[in-house]
Amino acid sequence: MKRHATGSNEPDSNKRQNHALSFAKVFDGRKQPIRGLWARNGRYYSQMTVENPITGIKKVRRVPLVDKDGKAAQTASQAVAELKRLQTHRADNTLRTLERTAKFGDYAKHYLEYLSSGQGAKKPGTVQKERTILGRWTDAIGQLRLDQIRRVHVNRFIEGRLKAVDKDGNPKVCGRTINLDVIGLRVVLKRALSDGLIQRLPTEGLRPFKTSTPKRPLFATADLDRLCNAAFETKQDKASKAVPVTENAQQFVDYVKLMAYCGARRNEALALRWQDVDFERGQITIGATGDTKNRSARVVDFNPKLRAHLEDMASRLAPDSQWVFPSPQRGDQDISAKTFRESLTMVRTRANMPTFNFHDCRHHFVSMCVMSGIDFMTIAAWVGHKDGGVLIGKVYGHLANEHRKAMAERVSFEPTIVSKEQAA
């Protein structure tokens, strides 16, 4: 050997080492090489051609052979068994991802960027809620790779949420909030599942907490009248002067009555334009631009109260605005009102109705329709339910029963005297 030559067991440090040369074929009992099975440093590897689930590009890879519990194969026979299992999964298209998956925090970030770009079908408010939920999950499991997330991590997160209490020792969150947290996680992991990055959901079979939704009180027509009358009342300010309860009393009352007479949601009502009101056909189109909860427009037929109210509003409409509820601070711009939340807070205090919310107007409309004997399918079409009235029956069915019982009390089997004029 020459003076400057390097021995075969001492690789030149100036050259890049070829790690592939350290892999050795594995032989069976007859000294025959086992196809696809390699060994290096005491570990067994499978050489397989796998397809990237996202790009579709096929690539030859050496995959460490481990069992279902993640333990490395210790003997050649165990390695052969795991090799056959991988080959079976590949043939059945159930092979786990062999690439390094993204960390949950990075994947959730890309998911939210996708939604924020407008490509998703979710509204900005929904995206913001998911951002908050995924932020909590990122703090808990953000450093874990997608295929490393297990049920134990989900359970640990839930336990932490349950243990959190405020300064008075009361739980900070309820079961419904935790259910929403799990739903937020599941949405992202379902996307990872469809991308082929994971094989199953760690939330599979996880039962949600049982929750009870408080029964929403039914505000009668007299209650709504009391609320509207309170908006026009005055109160004493700091200088002992009589001032209106709210500066935009008329617009606030128009807003409340419109929702109570057509069942529109609060943001749907704010988005109404006068071109959406068809007096000739007796219809109002809600969500004509697709800006509704389910992104589809719906038509509500006029009832006597709705027609009279819209005609009254039309007699006072602003000539310089297309909106049914134009913003009082619009200036030279034609924009709609953003919210009547501040007015609601002041008016309901004055009317002694502290639990009243704008959604109660929609609840009032549906309740009145049910008690008027309108079929559930028609009501569902008016309020934008896509289930054909199933939810209406579940939530408001008792009102129909009570109404029928009340009508039954009016049935009389006594003889009725009919005048000649009535008979004619």
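Author: Asparagine 41 is exposed, at a relative accessible area of 76%. The model is predicted.

Reader: Where does asparagine 41 sit?

Author: In the loop between β2 and β3 (43-51).

Reader: Which residue in the hairpin of β1 and β2 takes a positive phi?

Author: Lysine 31, with phi near 65°. That hairpin has 5 residues between the strands. Lysine 31 is not a glycine either. Its place is in the loop between β1 and β2.

Reader: Is lysine 31 buried or exposed?

Author: Exposed means over 50% relative accessible area. Lysine 31 has 66% relative accessibility, so it counts as exposed.

Reader: How many bridges join β1 to β2?

Author: Strands of a sheet pair through backbone hydrogen bonds, either parallel or antiparallel. Here, 3 bridges join β1 (residues 24-27) to β2 (residues 33-40), and the two run antiparallel. Alanine 24 stands opposite alanine 39 in β2.

Reader: What is the strand order in the open sheet of 3 strands?

Author: The order is β7-β8-β9, with antiparallel pairing. β7 (277-278) and β9 (298-301) stand at the edges. Each has a single partner strand, so one side of each lacks a neighbour in the sheet.

Reader: Which residue in β8 is the bridge partner of valine 277?

Author: Isoleucine 284. In total, 2 bridges join β7 to β8 (residues 283-286), and these strands run antiparallel.

Key:
Residues numbered from 1 in each chain as written. Predicted model: local features only at pLDDT ≥ 70, side-chain atom pairs only at ≥ 80, totals over all residues. Heavy atoms only, no water. Pairing = 2+ DSSP bridges. Helix = DSSP H or I, 4+ residues; strand = E, 2+ residues; numbered from the N terminus. Buried < 20%, exposed > 50% of the residue type's maximum accessible area, 1.4 Å probe, protein only.
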